[in-house]
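Hi,

Here is the structure I promised to pass on. Have a look at it first, and then read my notes below.

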Amino acid sequence: MAKKQLLTRRHILWIGLGTLAGIAAVAQSKAMYKAQKIQSLYNPERDFSVVEKASLKERAAAKGLIFGAAGRYRDLSSQTALATSFAQECGMLVPEWEFKWSAGNRPLRPAPDKFDFSATDWMANFAQTNKLLYRGHTLVWGLSLPGWFKETVNRQNAEQFLVNHIKTVVGRYAGQMHSWDVVNEAIEPFDERSDGLRKTPWLEFLGPDYIDFAFRVAAKTDPKAMLVYNDYGLDYDNSKDEARRTAVLKLLERLKSKGTPIHALGIQAHLWGDATDFNPKKFRNFLRDVSSLGLKILITELDVVDKNLPLDVDVRDRMVASVYEDYLSAALDEPAVIAVLTWGLSDGYTYISEFHSRPDGTSVRPLPLDAALKRKLAWNAIARAFDKAPQRTALN
Ligand code: G3I
């Protein structure tokens, strides 16, 4: 082979290797920068002490607030210790799966003409026995629809399916419910619609008025229940969450101007332990904008994903607790906020272990109680936020 050609080949090899080395160096420095930023969130001196042993339910109620959590029929009906902790710590129960059209191994809607209320009845009884308020999640969502939905529901019959579902489910528990998430996650600013609505089967079949319609059917079926619009990604000071907050506000303004019977906004608050863009002032302004529409606010699915946090459990728990206390301190300053629910009570029963598992394979620690149902610093952080919260006038 000519010397020249060999040289060229060797040159290309060196250039390639150099480029790869450069890419690796950039990636490594990015990773180091991120690790340093995460480490900077860790304050070993931060005080999380609490006075007395009062439960979260009691601390919330002392301020005219409600604390609750999501639970699953499968866990509450089989894990006595979990059920006991639930009754001790919570003033409200929201089924994580059981009021969806189809989630878990006991779907509410096993067939187009069938309802299986065995799980939701058991949970209603559990709530009543333990003096827990009961909230429903969720009547209308684009996800967790049963397998038969796709080949059965269409433009012609969608309204009849929606009305029948809401009337049957809301009607069964009329007068027993604190609140319903009537519609869940209906906005998606990046679905390129001027109204910011998410492209779901309900929008496709019934048009944008499906939301107003669903609230009206629910209100007629149970005039006593608080009717909530529930959504996520409303928490942080970044362009994505800002777009979502803007779209949600526009939706709420449209609904209120139409006279839709909507009473509250549910802010899911699935937070991230390594987030660095929580801006209390900006978040408070959003809460105030919602409140100015005459709406109450519930923090409906609070948890803190610890996927990207250090391995050390003490460090991780402190960082998670900091997120809880910083977020709730801002949220509870807004008088329109009436309730805080975590999405699960114990680390042993959280969707995060499946949906946001840690790359190092260690157990996740996003919730107030650990897998052994022991109170963690996250519990202290929530307790402290309730203890510092301004007093509400009457329990909502
Ligand atoms: O374990 C059962 C299995 O036995 C059964 O055969 C199978 C049949 O589908 O379901 C399995 O349960 C699934 C469960 O995850 C465990 O994998 C449920 O179907 C599935 O619905 C569930 O995912 C839930 C998800 O919503 C979708 O419904 C998560 O647990 C739940 O935490 C999550 O909650 C959502 C809120 O509703 C809305 N906001 C976001 C939040 C987190 O994604």
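Which residues come nearest to the ligand? Among the 19 residues around the ligand, those are Glu96, Lys100, His137, Ser144 and Glu301. Before you go further, please keep in mind that this is a predicted model.

I started with the ligand, so to speak, and its surroundings. The ligand sits in the largest pocket.

Glutamate 301, already named among the nearest residues, has a polar side-chain atom 2.7 Å from a nitrogen atom of the ligand. Tryptophan 343 also uses its side chain: a polar atom there lies 3.0 Å from an oxygen atom of the ligand. With glycine 104 the backbone is involved, as one of its polar backbone atoms is 2.9 Å from a ligand oxygen. As for cover, the ligand on its own would expose 780 Å², and the protein buries 67% of that.

Next, the aromatic rings. The count comes to 21 aromatic pairs.

Finally, two backbone details. Most peptide bonds are trans, and most residues other than glycine have a negative phi. Against that background, histidine 137 and threonine 138 are joined by a cis peptide bond, with omega about 0°. Threonine 138 is part of strand β3 (residues 133-140), and histidine 137 is one of the residues that come nearest to the ligand. Lysine 131 is not a glycine, yet has a positive phi of about 55°; look for lysine 131 in the loop between α5 and β3.

Cheers

Key. Residues are numbered from 1 along each chain as its sequence is written. This is a predicted model: local features need pLDDT of at least 70, side-chain atom pairs count only at pLDDT 80 or more; totals for chains, interfaces and linings use all residues. Side-chain values use heavy atoms; hydrogens and water are left out. A residue is near a molecule or strand if one of its heavy atoms lies within 4 Å of it. A polar contact is a pair of N or O atoms within 3.5 Å; within protein, one must be able to donate a hydrogen and the other to accept it, and residues adjacent in sequence count only if both atoms are side-chain atoms. Accessible areas come from the Shrake-Rupley method with a 1.4 Å probe; for residues, only the protein chains shown count as cover. On a 1 Å grid over the protein atoms alone, a cavity is a set of points where a 1.4 Å probe fits but cannot get out, and a pocket is an open set with protein on both sides within 12 Å along at least five of seven lines; lining residues have an atom within 4 Å of a point. A molecule sits in a cavity or pocket if more than half of its atoms lie within 2 Å of its grid points. Rings of Phe, Tyr and Trp (its six-membered ring) pair if their centres lie within 6.5 Å; planes under 30 degrees apart count as stacked, over 60 as edge-to-face and the rest as tilted. Helices (H or I, at least four residues) and strands (E, at least two) are DSSP runs, numbered from the N terminus.
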